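We will go from stop to stop, with a short note at each.

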Amino acid sequence: KEVARKIVFLCALILLISMLTVIIADFADPFVAEAVNDRTRQIYHQTETDNERYSSPYVNSKFKDLLEINEEVVGWISIDGTNIDYPVLQKPGDNDYYLTHNVDNSYTASGSIFLDKDSDIGYSTETRNLVLYGHHTRSKTMFSKLINYKDLDFYKEHPTISFDTLYNDGDWKIVSIMVTNGRAAQDNGNYFNFHVSEFESDEAFLTWVEECKLRSVIDTGVDVVASDTMLTLQTCCYDFDEARLVVVARRVRDGESAMVDTNSIVKNKDVIMPYYWYINQNKKPHQYYTDIGMDQPVSPNLPTASV
């Protein structure tokens, strides 16, 4: 009996220690991750540049120190008025790795900001839509502050994004701020593909842009033409289960001012929200759903449709 009692006690003690280890690690993770990010910011912002290309004839020299840390760095994103100031990474063919890894390849639940595996940043060519993902964390890091763009006043004060790639520096004017569904089941089987990287034609591209504008909670008034390159940022939000907040912007054109006239910008009073949003809010769905014949009850068992 005494031996059995000691075995039970030791098992309980090991379990307790294991649980405490997990709790402590979970608590410490965001602080450790942000310490890595702080060091990365210091390296990036203090890298001496000479407007020359680094390594090959193509890569901007300001990325030379970051590329020594991780050769999968493809850019840097920052947004005024937020703590978004991070390297952007891309694991070829893999949208999972940087969900749980930092720029130094250490594990972190906070993950990194990363470029979709189907988006391509090249010296002479890019996919028409560059899609970036980032977590909405409890510590309010990564893309958590994107949620501020649901507020009209915040958008008016910060209507642009800075996103520099290895090959092109750029400011981007925000075109659309959407709340959308992460699962097809939450739009009655419909899923708006906001993270498409390439389009079959100019017409398909412009139709997609118009769909983004119809779903934008703010009527930004920013125009888009067929030759534009788009930037799409995605994070989780909590309007309903599996909801996503999506911010879509376009690159400022050569010779164009980066200034955005915000005087006439207003909330979109006729915004199309995901079908499930109306169900969750006990509201009548937008006429859009009746027009396209989607006015049946939501099926709860359709497959997940996004990252």
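Select Phe205. Its relative accessibility is 0%, so Phe205 counts as buried; buried means under 20% relative accessible area, exposed over 50% and partly exposed in between, with a 1.4 Å probe and protein chains only. This is a predicted model, in which local features need pLDDT of at least 70 and side-chain atom pairs pLDDT 80 or more, while totals for chains, interfaces and linings use all residues. Residues are numbered from 1 along each chain as its sequence is written, and side-chain values use heavy atoms, without hydrogens and water.

The charged end of Arg128 sits over the ring of Phe205, 4.6 Å from its centre. For that label, NZ of Lys or CZ of Arg must be within 6 Å of the ring centre and within 35 degrees of the ring normal. For another case, show Lys91 and Tyr97: the charged end of Lys91 sits over the Tyr97 ring, 4.3 Å from its centre.

Next, ring pairs. Rings of Phe, Tyr and Trp (its six-membered ring) pair if their centres lie within 6.5 Å; planes under 30 degrees apart are stacked, over 60 edge-to-face, the rest tilted. The count comes to 16 aromatic pairs. Select Tyr123 and Tyr167. Their ring centres are 6.3 Å apart and their planes at 70 degrees, so this pair is edge-to-face. Tyr123 lies in the loop between β5 (113–115) and β6 (129–133), and Tyr167 in the loop between β7 (160–165) and β8 (171–181), so the pair ties together parts 44 residues apart in sequence. Strands (E, at least two residues) and helices (H or I, at least four) are DSSP runs, numbered from the N terminus. Tyr123 is partly exposed, at 46% relative accessibility.

Now pick Phe199 with Phe205. They form an edge-to-face pair, 5.3 Å centre to centre, with 70 degrees between the planes. Phe199 is buried, at 15%. Then highlight Tyr275, Trp277, Tyr278, Tyr288 and Tyr289, which form one aromatic cluster.

A disulfide needs two cysteine sulfur atoms within 2.5 Å, and the count here is zero. Cys236 is partly exposed at 30%; Cys237 is buried at 2%.

Last stop: Asn268, in the loop between β12 (266–267) and α5 (275–281). Asn268 is buried, at 19% relative accessibility. Its side chain reaches the backbone oxygen of Ser216 at 2.9 Å and the backbone nitrogen of Val271 at 3.4 Å.

Note on methods: A polar contact is a pair of N or O atoms within 3.5 Å; within protein, one must be able to donate a hydrogen and the other to accept it, and residues adjacent in sequence count only if both atoms are side-chain atoms.
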